[in-house]
Amino acid sequence: MGGLMRVPALLLILLTAACAAPPAPVQNAKTAPEPGETVNLSAAGEFTGDDTAAIAYDRKLAPKGSQASVTVESSNGQTRTSLVAEGLLPDRRYGAHLHTKPCGSKPDDSGPHYQHHPGQIDPTSEVWLDFTTNGEGAGRASARHEWALDPAKVPGSLVIHAKATKPSGPQAGQAGDRIACLTLK
């Protein structure tokens, strides 16, 4: 009987010693997206004057009560982005783009446009989501790209601009002042 009690006691000592060992080193640190890896980002909210999750910078163009939602889904070499906005000025054209940083208290805090191909300013490298609101101030836009987001370098926000995006020329990619921003998560 005494020998039977020693086996569990010995196992308990061995298990305790194994659990107290230092953790194993991290293996396979990720440096590039895995094929088929999925990145999902989204944001939604009513634009306020102080909450940087959904902030309005221009109350004339993004009135009190205006709101938006955006989803970004990226996998298998494709990225799909959708935007829905409500409560903006009726029958008006707005520009909208993904930006590199989260929204902040100042319009420029969100950084420049996100570019899949750095330095390339066009709708194949950037995500342009220009839209025209209907008579009630609602609008929507979507974009599809034949590239996947790098999970280590995702866009930080969606910015709504005062004007439609200039498609070409020396001001290509510009869309006027930043009027509202959603921080992506």
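Here are some questions and answers on this structure.

Guide: This is a predicted model, where local features need pLDDT of at least 70, side-chain atom pairs count only at pLDDT 80 or more, and totals for chains, interfaces and linings use all residues. Residues are numbered from 1 along each chain as its sequence is written, and side-chain values use heavy atoms, with hydrogens and water left out.

Visitor: What pattern does the protein chain follow along the sequence?
Guide: Helices (H or I, at least four residues) and strands (E, at least two) are DSSP runs, numbered from the N terminus. The chain has 1 helix and 9 strands. Read in sequence, the pattern is α-β-β-β-β-β-β-β-β-β.

Visitor: What is the strand order in the open sheet of 5 strands?
Guide: Strands of a sheet pair through backbone hydrogen bonds, either parallel or antiparallel. Here, two strands pair if DSSP finds at least two bridges between them. The pairing in this open sheet is antiparallel, and the order is β2-β9-β8-β5-β6.

Visitor: Which strands stand at the edges?
Guide: Look for strands with a single partner, because one side of each is then left without a neighbour in the sheet. Those are β2 (54–56) and β6 (131–132).

Visitor: Is the aromatic pair of Tyr94 and Phe131 stacked or edge-to-face?
Guide: Rings of Phe, Tyr and Trp (its six-membered ring) pair if their centres lie within 6.5 Å; planes under 30 degrees apart count as stacked, over 60 as edge-to-face and the rest as tilted. The structure holds 2 aromatic pairs. In this one the centres are 5.4 Å apart and the planes 20 degrees apart, which makes the pair stacked. Tyr94 in β5 and Phe131 in β6 are 37 residues apart in the chain, and the pair is stacked.

Visitor: Is Tyr94 buried or exposed?
Guide: Buried means under 20% relative accessible area, exposed over 50%, partly exposed in between (1.4 Å probe, protein chains only). Phe131 has 1% relative accessibility, so Phe131 counts as buried. Tyr94 has 0%, so Tyr94 counts as buried.

Visitor: How are the rings of Tyr114 and Trp147 set, by their planes?
Guide: Their centres are 6.2 Å apart and their planes at 40 degrees, so the pair is tilted. Tyr114 lies in the loop between β5 and β6, and Trp147 in the loop between β7 (139–145) and β8 (157–161). Tyr114 is buried at 6%, Trp147 is buried at 7%, and their pair is tilted.

Visitor: Which ring does the charged end of Arg92 sit over?
Guide: A charge sits over a ring if NZ of Lys or CZ of Arg is within 6 Å of the ring centre and within 35 degrees of the ring normal. Here the distance to the ring centre is 5.1 Å, and the ring is that of Tyr94.

Visitor: Is the disulfide of Cys103 and Cys181 left-handed or right-handed?
Guide: A disulfide is counted as a pair of cysteine sulfur atoms within 2.5 Å, and these two sulfur atoms are 2.0 Å apart. Cys103 sits in the loop between β5 and β6, Cys181 in strand β9 (residues 178–183). Both are buried. The torsion about the S-S bond is about -85 degrees, so the disulfide is left-handed.
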